[in-house]
Amino acid sequence: MSRPLRLEFAGAIWHVMARGNDRDAIYVDDADREAFLDVLGRVVAATRWRVHAFVLMPNHYHLLVETPEPNLSRGMRQLNGVYTQRVNVRHGRTGHVFQGRFKGILVERDAHLLELCRYIVLNPVRAGLVSAPGDWPFSSYRATAGLASPPAWLETGWTLDQLESARGSRTQAYRAFVAAGARSGYSPWAEVEGQLYLGGAAFRARLQAVRPDLAEAPEIPRAQRAIGRPTLEAIVEEVCAASGLTPEAIRRRSASTGRMEIAWLGRNESGLSLGEIAPVLGATVWTVSRLESRAEALRRTDAGFRRALEALRSRLRGPRPAAVSRAPRSLSRKSQNKT
């Protein structure tokens, strides 16, 4: 199974979560929690991270981290590794504390950063551990709300700057903002795209421009590679416009060229599975595999088919024209056999 992509770059903002091994508790007592925060402070000093929000839950933690340098993975290895060593020595045990790798989601600042600052500190309330976020001492809420002195490594300024109010102090505005969040129903996990992005299409496009080479890397999960790629519906629409067929007609075996194009584009342009493509063509997974294989063979040997396929790819990647006409084909009789 592919590991989650770490698209690290200077200035990235991450929502990070790490969970206890087998979902067990990662803190035995408050001394463990204090030890974790001490390690976190040392990591922030070494990496120059900016931590906008955090919460320590019984068996997991959340961080909202801005990385001025592309060093999230290095810092997280240090954080989880050093903390594990400390608590194992303290409690006279060995083995893992955390379950596998941490989970990291790239966050669009303008659309989600402020909302996540609130979401994170409300975790203890949602879990039923306390009735108000200020009752949970191991989060960034009390420091940001002006109820406790913030640790040197916690960045509260950005959050408070977004909440300036003529009616009161920034900390009062923050408390009101968090209180309102208990009724908001916001869930970042429901809005994550491709296991990685929390933000709009323009945000995702900007990130992919940072590392365009990653779009084709085989070790990256398909769901992440497919971000920003055309949908299956867009592929069918372009193929139908080019061939003059309807989506219903494409399901017929006689429409072999269009079916091959959809199978090939679905697999290679959108990164879809055979099972995802099959219903659109009214075909079995095995038939879609045959269609894609035949399309790939024609792409290599038939100049006319290759030109038509590239024209479709170009239209799918660029602005959609009002009308599309099919380029002349040079397909042999054999290539037009029904499939």
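A charge is taken to sit over a ring if NZ of Lys or CZ of Arg is within 6 Å of the ring centre and within 35 degrees of the ring normal. In the predicted model examined here, the charged end of Arg118 sits over the ring of Phe177, at 3.9 Å from its centre. A further arrangement of this kind involves Arg33, which lies over the face of Phe138 at 5.6 Å from the ring centre.

Aromatic rings also pair with one another, and a pair of aromatic rings is described by the distance of the centres and the angle of the planes. The count comes to nine aromatic pairs. Phe36 lies in helix 1 (residues 30-47) and Tyr83 in helix 2 (residues 72-91), so the pair ties together parts that are 47 residues apart in sequence. Phe36 is buried, with a relative accessible area of 0%, and Tyr83 is likewise buried, its relative accessible area being 0%. The pair of Tyr141 and Tyr174 is tilted, with the centres 5.5 Å apart and 35 degrees between the planes. This pair links distant parts of the chain, since Tyr141 belongs to helix 5 (residues 141-144) and Tyr174 to helix 7 (residues 170-181), 33 residues apart; both Tyr141 and Tyr174 are buried.

In the loop between strand 2 (50-56) and strand 3 (60-67) is found Asn59, which counts as buried because its relative accessible area of 17% falls under the 20% cut-off. The side chain of Asn59 reaches the backbone oxygen of Arg23 at 3.1 Å and makes a polar contact with the side chain of His60 at 2.9 Å. When neighbours within four places in sequence are left aside, the residues in contact with Asn59 are Ala18, Arg19, Gly20, Arg23, Asp24, Ala25 and Ile26.

Helix 15 (residues 303-317) comprises 15 residues and reaches 21 Å from its first C-alpha to its last, close to the 21 Å expected at 1.5 Å a residue. The N-terminal end of helix 15 is capped by Asp302, a side-chain oxygen of which lies 3.0 Å from the backbone nitrogen of Gly304. Gly304 is itself one of the buried residues of helix 15, which also include Phe305, Ala308, Leu309, Leu312, Arg313, Arg315 and Leu316. These buried residues pack against helix 10 (232-243), helix 12 (256-268) and helix 14 (285-301).

Notes:
Residues numbered from 1 in each chain as written. Predicted model: local features only at pLDDT ≥ 70, side-chain atom pairs only at ≥ 80, totals over all residues. Heavy atoms only, no water. Helix = DSSP H or I, 4+ residues; strand = E, 2+ residues; numbered from the N terminus. Buried < 20%, exposed > 50% of the residue type's maximum accessible area, 1.4 Å probe, protein only. Polar contact = N/O pair within 3.5 Å; in protein donor to acceptor, adjacent residues only side chain to side chain. Contact = heavy atoms within 4.5 Å. Expected span 1.5 Å × (residues − 1). Phe/Tyr/Trp six-rings, centres within 6.5 Å; stacked < 30°, edge-to-face > 60°.
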